[in-house]
Amino acid sequence: MTGRHQQPVTVCSIDANSLNEHYANISNDTAYTLPPSKFTANQEWTCDWVTDYRMFKILDSLKSTSTGLDGLPAWFLRLGAPVFCKILADLINLSISTSTVPLLQWKPARICPVPKTSGPTQPSNFRPISVTPVLSRITEKTIVRDFLYPALNNPPSTLSFTDQYAFRPSGSTTAALVALLHRVTEALETNQYVVVLALDFSKAFDTVRHCSLMEKVAQLDLLDNVYNWLVNFFHGHSHCTRFNGHTSHLLDVNASIIQGSAIGPVMYVVNAADLQAVTPGNIMVKYADDTYLVIPACNIDSREREISNIEAWSLVNNLTLNQSKSAEIVFTDSRKRRLVQPPPPLLPANRVIPSSSRSIWSVGVCDNCRGTSWCCR
């Protein structure tokens, strides 16, 4: 009851329309191509993907959340669960069976910009937080749990999810850290040092190309109706921005995996599934768009080739590798530090003083406490 209230941020040169245009320009694919649908889908096939009882449980357990542009709040759907469950179950089953997403009700989103800095002065200083309709999120979660998660467990040979630790039932930040530390420690047993490239993709979720994404989704073991539903879901999205009590007009977007949606995170996992190291012995560890490339000393000459491969992959998927925010990290065994000659820097701008987050670090066993220590080189 006495919680903190966020004070509105006022910037003279920024309004709701300028912010909305800024976000729309980011989520724009100049080479947009509409992904093809599968004509083998059975449009007359109806199935109870969601039963009345399951829908009642979903509605009855809805948590308080922001209301989308359709104006249906979560509390209203929760209170009316006994009355709405059958109608909404039929609606979602019809949506999946016919591969149709309501255009005006479910696809528009409202962006609530949140300042990244204490004194924002330009649109890029605001992080876009999208609010999508509650019913759309319910349907998306059904698609994810019933179809996409099972498909991730049996991927085709062209896609790999074993190096991805985000947005999967068995993934977590802890698992990603353990895997990365294990890969580095294992490589240090036979190498004097290990280089880890911490890669940064600019606005990765907001710029994903739909055509290349759906080419990968088409390789998954999914029903044709579900694939066509995903094609329809990503087509025709728009958003407006609410800032300082004013709401902008709607603008169409033809890229991004729709931040704020329930299906977007899993779609990025699929999108990054074909990004692999090209040199045997090099390993990737991913947590969503945070990508780490582990290169042992024996493969140090492959750094340029790996970066070229990643940039080529980024171009195909409408992403941008931001080398100025990427870091090159050198791991060594602290007991052998004096005997190790670190490699020349691949990204010179990222080898700075320890006070910066983009430093070169070495990890090993401390000679004093015999524990893991992080020491700036």
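**Packing of helix α12**

Reply: The buried residues of α12 pack against β3 (193–199), α9 (210–217), α11 (264–271), β7 (283–287), β8 and β9 (327–332). Contact means heavy atoms within 4.5 Å. Helices (H or I, at least four residues) and strands (E, at least two) are DSSP runs, numbered from the N terminus. This is a predicted model, in which local features need pLDDT of at least 70 and side-chain atom pairs count only at pLDDT 80 or more, while totals for chains, interfaces and linings use all residues. Residues are numbered from 1 along each chain as its sequence is written, and side-chain values use heavy atoms, without hydrogens and water.

Me: Which residues of α12 are buried?

Reply: Buried means under 20% relative accessible area, exposed over 50%, and partly exposed in between (1.4 Å probe, protein chains only). In α12 the buried residues are R303, E306, I307, I310, W313 and S314. They lie on the same side of α12, because they cover an arc of only 125° around the axis; the arc is that of the directions from the helix axis to the C-beta atoms. The exposed residues L315 and V316 are carried on the face turned away from the buried side of α12.

Me: What span does α12 reach from its first C-alpha to its last?

Reply: The expected span of a helix is 1.5 Å times one less than its number of residues. With 14 residues, α12 reaches 20 Å, close to the 20 Å expected. N318, with a positive phi near 65°, follows the helix.

Me: Is S302 buried or exposed?

Reply: S302, found in the loop between β8 (290–296) and α12 (303–316), is buried, with a relative accessible area of 2%. Beyond residues up to four places away in sequence, S302 touches T279, N282 and I295. The side chain of S302 also reaches the backbone oxygen of N299 at 2.5 Å. A polar contact is a pair of N or O atoms within 3.5 Å; within protein, one must be able to donate a hydrogen and the other to accept it, and residues adjacent in sequence count only if both atoms are side-chain atoms.
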